[in-house]
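Subject: Structure handover

Hello,

Here is the structure for your own work. Notes on what was found in it follow below.

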Amino acid sequence: MRQPQIIGFASGKGGVGKTSICVNLATAMNRLGQEIAIIDTDFSTANLRTHLNREKHEPSIQQVIRGKAEIEEAALFHTL
């Protein structure tokens, strides 16, 4: 089994396209046969679900952090 590769996108400024780049790169890599996991670590204004058109998915990572939900419940499985 191959060692997983980790790619991170970070910026001190919001609105620079981190989530857009992440989703588009993940889509391209998935189309090339790669298994992909995306983790949105912007705990205050996570937008990954919006980019995947899954805004209504509950619970959120914020609810996990507050102890009101389990991480397995917050995981979102999305087919591209």
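Is asparagine 53 buried or exposed? Asparagine 53 is exposed, because its relative accessibility is 60% (buried means under 20% relative accessible area, exposed over 50%, partly exposed in between, with a 1.4 Å probe and protein chains only). Asparagine 53 sits in the loop between H2 and H3, and its phi is near 60°, a positive value in a residue other than glycine.

Before the rest, the conventions. This is a predicted model, in which local features need pLDDT of at least 70 and side-chain atom pairs count only at pLDDT 80 or more, while totals for chains, interfaces and linings use all residues. Residues are numbered from 1 along each chain as its sequence is written, and side-chain values use heavy atoms, with hydrogens and water left out.

Overall

The chain has 80 residues, of which 18% are buried. Its secondary structure amounts to 4 helices and 0 strands (DSSP runs numbered from the N terminus: helices are H or I with at least four residues, strands are E with at least two). The C-alpha trace spans about 35 × 35 × 25 Å along its principal axes.

The volume of the largest pocket is about 1100 Å³. Its lining has 33 residues, and Ile7, Cys22, Ala37, Ile38 and Ile39 are the closest to the centre. H1 gives the largest share of this lining, 7 residues; H1 and helix H2 (48–51) each supply at least two. By class, the lining of the largest pocket holds 15 nonpolar, 13 polar and 5 charged residues (Ala, Val, Leu, Ile, Met, Phe, Trp, Tyr, Cys and Pro count as nonpolar, Asp, Glu, Lys and Arg as charged, and the others, Gly among them, as polar).

The second largest pocket holds about 890 Å³ of space. Of its 34 lining residues, Ile38, Ile39, Leu48, Ala75 and Leu76 lie nearest the centre. Two or more lining residues come from each of H1, H2, helix H3 (61–65) and helix H4 (71–74). The largest share of the lining of the second largest pocket is 4 residues, from H1. This lining divides into 18 nonpolar, 11 polar and 5 charged residues.

On the method: a pocket is an open set of points on a 1 Å grid over the protein atoms alone, where a 1.4 Å probe fits, with protein on both sides within 12 Å along at least five of seven lines; lining residues have an atom within 4 Å of a point. Points are joined across faces, edges and corners, and a volume is the space filled by probe spheres set on them.

Surface and single residues

Ile7, Phe9, Ile21 and Leu25 make up a nonpolar surface patch with about 340 Å² of accessible area together (Shrake-Rupley method, 1.4 Å probe, only the protein chains shown counting as cover). Patch residues have over 30% relative accessible area and no salt bridge, and nonpolar side chains (Val, Leu, Ile, Met, Phe, Trp, Tyr) are joined within 5 Å, like charges within 9 Å. A salt bridge is a side-chain nitrogen of Lys or Arg within 4 Å of a carboxyl oxygen of Asp or Glu.

Phenylalanine 9 is placed in the segment before helix H1 (18–31) and counts as partly exposed, because its relative accessibility is 34%. Glutamine 62, in helix H3, is buried, with a relative accessible area of 18%. Glutamine 62 and isoleucine 36 are 26 residues apart in sequence and 22 Å apart in space, C-alpha to C-alpha.

Regards
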